[in-house]
Amino acid sequence: VTPALTILRGGPGVTVQDQGRFGQIAHGISAGGAADLIALAEGAALLDQDRRFAALEITGLGVRLQAHRPLRIALTGAPLTAACDATPLLWNASHLVPAGSILDLGSAKTGTYGYVSVGGGINTPPLLGSRSTHLTAGLGASLDAGDALPVGPDASDLVGQTLDVTDRFSGGEVRIIPSMQTDLFDAEDLNRLTETDFKRDMRGNRMGVKLTFDGAPFAAQDQRTILSYIIAPGDIQATGDGAPFVLLGECQTTGGYPRLATVIPPDLPIIAQARPGDPIRFRFVTRDDALQALTAYRAHLGALPSSTRPLLRDPADIPDLLSYQLIGGVTAGEDIT
Amino acid sequence: MGDAPHIRDVGLEGLLITFSETLTDAGNRAALALRSLIKSANWPGVIETASTLTSTFVRYDPETLPRAALVDRVQDLLASQDWNDAPMPNNRRLLRIPVVLGGEEGPQFDAAIEAAGLTETQATEDVANTRLRVLTLGFAPGQAYLGSLPEPWNNPRLTNITPQVPQGALVTAIRQLIIFARPAPTGWLHIGQTAFRSYQPDAKRPFPLAPGDEVQFEPTSARDLPKLWDDPMGGARIESVP
């Protein structure tokens, strides 16, 4: 059986990701999953399918793929340069790509993680309940030339859709709540945490990102004698050199560095998508405010499928016109209004 | 213990119940037992549970299960028994795992002996004669934290991180031992090498060690390692713990 999709050029930043692997913390495996879960949900909405389906996550230098049957794809997350057989593709949109076509996804213009969702979902065998590659735990591996990806049966034929996205690709303010070790830091340091202009450091990956800043290191009382405890995505550790390190989905399950605070889940994609040098500010909110934000975030994700709309065509917009010609050429035209 | 367990939040979706701020046998038993009770209670809104050295962790959905309601339920369980003498889990196993101590396979064994103020013979006997318990799994798939070695082994973690120790490496700090599940950097002293795989994806039991299980190391010669690697269990012999 010919696979639906093959990798012609891959790299260490190209992995299969779904919403993550739950229930394995007791075995030492964190949830992992897409670094930007909003992008995964946007891709599913554009393809009118379940957001638990797995997609390709792309960071770094990009990926070159070949479709071996007609495939619906959606492009979401950090906008990458994208082309199908050398014709540019619109971002935050769904497209039909013909059998045999070659997709080129390049590096991100803003943000860090771009996603290619596929109609029917990437259908690799689940491992411990998830298709997510977990590089830290050694579950699965990044994709390289020659790798083949199965794709599940596609239950829809909707393409040519777009949707509006919240800008989360160039840093910004993120909301935090106190964590279990916040009270080990003095009030002055916690105040400084919210007054400091941080920048995303060069060091960062799916486990977490380090922040740089001007000022004294952040350190807790009795920092070196703290027992290792459960850590969770969003936790802001004060690491050995006193720089905050914000944990992401693929973090270890335990850690001994004290935690200044925790980024709330709805704002974690801002941390994940920030590029080196992008600004980050922290703002404490109450637990009630954080819960309201979580409710609003889930409602937003739940409403994504009904917020897609057909791509509009504006002949004055030449670069877009090129992209639309591809879409016009590969769809039956039902979506043209 | 004596003091009431300490209940704290881990972010918006986690609750940690800590029985002791230092590693104690009673604290570890209590953490295991409370985790087991919460797991079997199957409360709606609980996503997963785990036990760490002396804490029980509950990940939950704060929309389905408000924090206050979860804390109430946990408090009820805490009030229901004496946590100073919690029973160990059922169906525990003892694994006797061959290990090569020192030499190229344990380049920091000498440093560990020196820090502990022991002779090589004493150190080898401590590692071989101590019946260790799996205190928790963490950091990497199935990776067990084993404790506790006698008091002389209470070395702090190093400030100089070893860039990478191999899979199966035996490392020590703070009276604990770990068999590394994957090649990884560590601040613990690398004292030996096993051929034991902590995560066996194709096995019926992918995680061969569970919290509460016991481990005893059997020092062996470096010449035995190649054939031990042929066995995912690294030559370990398994007995059940009555």
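Predicted model: local features only at pLDDT ≥ 70, side-chain atom pairs only at ≥ 80, totals over all residues.
Arg298(A), Glu13(B), Asp61(B) and Glu63(B) are joined to one another in a network of salt bridges.

**The interface between chain A and chain B**

- On the chain A side 38 residues are in contact, and they meet 39 residues of chain B.
- The rule finds 4 salt bridges across this interface, and it also finds 14 residue pairs in polar contact there, both residues of each pair being at pLDDT 80 or more.
- Strand 16 (229–230), strand 20 (259–263) and helix 4 (287–303) of chain A each supply at least two residues of the side of chain A that touches chain B.
- Helix 4 of chain A gives the largest share of that side, namely 6 residues.
- Sorted by class, the side of chain A that touches chain B comprises 20 nonpolar, 13 polar and 5 charged residues.

**Arg298(A) and its partners in chain B**

- Arg298(A) forms a salt bridge with Asp61(B), in which the closest N and O atoms are 2.8 Å apart.
- Because Asp61(B) lies in the loop between strand 4 (55–60) and helix 2 (67–79) of chain B, while Arg298(A) belongs to helix 4 of chain A, this pair joins two chains.
- Asp61(B) is buried at 15% relative accessibility, whereas Arg298(A), with a relative accessible area of 27%, is partly exposed.
- Arg298(A) also forms a salt bridge with Glu13(B), and here the closest N and O atoms are 3.9 Å apart, a value to be read against the cut-off of 4 Å for a salt bridge.

**Salt bridges within each chain**

- Over all chains the count of salt bridges by this rule comes to 29.
- In chain A, the side chains of Asp154(A) and Arg72(A) meet in a salt bridge with an N to O distance of 2.8 Å.
- Asp154(A) sits in the loop between strand 11 (148–149) and strand 12 (161–162) of chain A and Arg72(A) in strand 5 (residues 71–77) of chain A, so this pair ties together parts that are 82 residues apart in sequence.
- Asp154(A) is partly exposed at 31% relative accessibility, while Arg72(A) is buried with a relative accessible area of 4%.
- In chain B, Glu239(B) forms a salt bridge with Arg96(B), the closest N and O atoms being 2.7 Å apart.
- That pair links distant parts of the chain, 143 residues apart, with Glu239(B) in strand 14 (residues 237–240) of chain B and Arg96(B) in strand 5 (residues 93–101) of chain B.
- Glu239(B) counts as partly exposed at 31% relative accessibility, and Arg96(B) is buried with a relative accessible area of 18%.

**Nonpolar cores**

- The largest nonpolar core has 33 residues, and those with the most contacts inside it are Val246(A), Val263(A), Ile271(A) and Phe282(A).
- Among the elements of chain A that give two or more residues to this core are helix 1 (37–46), strand 13 (172–177), strand 20, helix 3 (268–273) and strand 21 (279–284).
- Helix 3 of chain A provides the largest share of this core, with 4 residues.
- Leaving aside residues up to four places away in sequence, Val263(A) touches several residues, including Val174(A), Ile176(A), Ile236(A), Val246(A), Leu268(A), Ile271(A) and Phe282(A).
- A second, separate core of 31 residues includes Ala67(A), Ile73(A), Trp91(A) and Ala108(A).

**Helix 1 of chain A**

- Helix 1 of chain A is mostly covered, as 9 of its 10 residues are buried, and Glu42(A) is one of the buried residues.
- At the N-terminal end, Asp36(A) caps helix 1 of chain A through a side-chain oxygen that lies 3.1 Å from the backbone nitrogen of Ile38(A).
- Asp48(A), which follows helix 1 of chain A, has a positive phi, near 55 degrees.

**Asp9(B)**

- Asp9(B) lies in strand 1 (residues 6–10) of chain B and is buried, with a relative accessible area of 18%.
- A polar contact of 2.6 Å joins the side chain of Asp9(B) to that of Arg67(B).
- Not counting residues up to four places away in sequence, Asp9(B) touches Ser179(A), Met180(A) and Arg287(A) of chain A, together with Gly14(B), Leu15(B), Tyr60(B) and Arg67(B) of chain B.

Terms used: Residues numbered from 1 in each chain as written. Chains lettered and ligands numbered in written order. Heavy atoms only, no water. Contact = heavy atoms within 4.5 Å. Polar contact = N/O pair within 3.5 Å; in protein donor to acceptor, adjacent residues only side chain to side chain. Nonpolar A, V, L, I, M, F, W, Y, C, P; charged D, E, K, R; others polar. Buried < 20%, exposed > 50% of the residue type's maximum accessible area, 1.4 Å probe, protein only. Core = buried A, V, L, I, M, F, W, Y, C linked by side-chain atoms within 4.5 Å.
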